[in-house]
Amino acid sequence: MQPRDVARLGLAPGRAAALAQLVRDVPDYPQPGVMFRDITGLLADGPAFADLVGAFAAAQEPGAVDLVVGMEARGFLLGAPLAVALGVGFVPLRKAGKLPAPTERVAYDLEYGTAELEVRTGSIPAGARVVVVDDVLATGGTAAAAVELVERCGAQVVDVQFLLELDALGGRARLAGRPLTSLWAVPA
C-alpha cells in the first residue's frame, strides 16, 4: 500500500506506515484471484483505530459537516466513530430489505449482478452536508450509488472517504468531480 492522502490528514509517515501494517492481505478470498483486505487488525487496535478516526475527522473543516453516512457493513464501523468525533449524527445506508418502510432506494450494477442501497426516508435532510464513508474503493459502484442516494435526498456530499483505494479497478473515475479522500492506494 502506498500513502495517498496521509499527509493531508495529518498522519506522520511512520504512524501511517504502522497503521497500514495492521491491514492484512488475504489471497484468494472469497474466491480465487481476489486479494481481500482484512481491516480487523486495524479496528482491534484501539490507539490505531483512534488515529484513523482522528485523521478522517481532520479532513473536515470544523462545522462543515452535518451528517456522516456509512455503507453496509464496514462503512458502519468507520462512519459511526467518525460521526462522534465530528459531533454529528450517523445514518446507515443498508442493503435492500433491511429497513422498514418508508425508504429511499437506489439500484446499481456490480461486477457480478445488481444490488440496491436504502436509507430511511427523512433521515438525511435536504441541504445537509454529508461525508460518505466506506473501507475500500474498488470499482466505485457502491460508492457512486451511495452518493446518488444522498443527493436524491437533497443533501450535499462534501467528501467520500475510504481507507484503501484499489487503483487498478478504476473506482475513482466513477466518482469524478467529487471530493475524495483515501488513506492508502493499492497500485495495480
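Student: Which residues is L163 in contact with, leaving aside its neighbours within four places in sequence?
Tutor: In this predicted model, L163 is in contact (heavy atoms within 4.5 Å) with I39, L42, L52, F56, L78, D134, D135, S182, L183 and W184. Local features need pLDDT of at least 70, side-chain atom pairs count only at pLDDT 80 or more, and totals for chains, interfaces and linings use all residues. Residues are numbered from 1 along each chain as its sequence is written, and side-chain values use heavy atoms, with hydrogens and water left out.

Student: OK, and which members of the largest nonpolar core touch the most others?
Tutor: Those are L52, L163, L183 and W184, in a core of 31 residues; a nonpolar core is a set of buried Ala, Val, Leu, Ile, Met, Phe, Trp, Tyr and Cys residues joined through side-chain atoms within 4.5 Å. Buried means under 20% relative accessible area, exposed over 50%, and partly exposed in between, with a 1.4 Å probe and protein chains only.

Student: What about Q156, where is that found?
Tutor: Q156 is found in strand β9, strands (E, at least two residues) and helices (H or I, at least four) being DSSP runs numbered from the N terminus. Q156 is partly exposed, with a relative accessible area of 46%, and, leaving aside neighbours within four places in sequence, Q156 is in contact with A128, R129 and V130.

Student: Switching to α5, which of its residues are buried?
Tutor: In helix α5, residues 141–152, the buried ones are G141, A143, A144, A145, A146, V147, L149 and V150.

Student: And what comes just after α5?
Tutor: There G154 takes a positive phi of about 90°.

Definitions and conventions
The expected span of a helix is 1.5 Å times one less than its number of residues.
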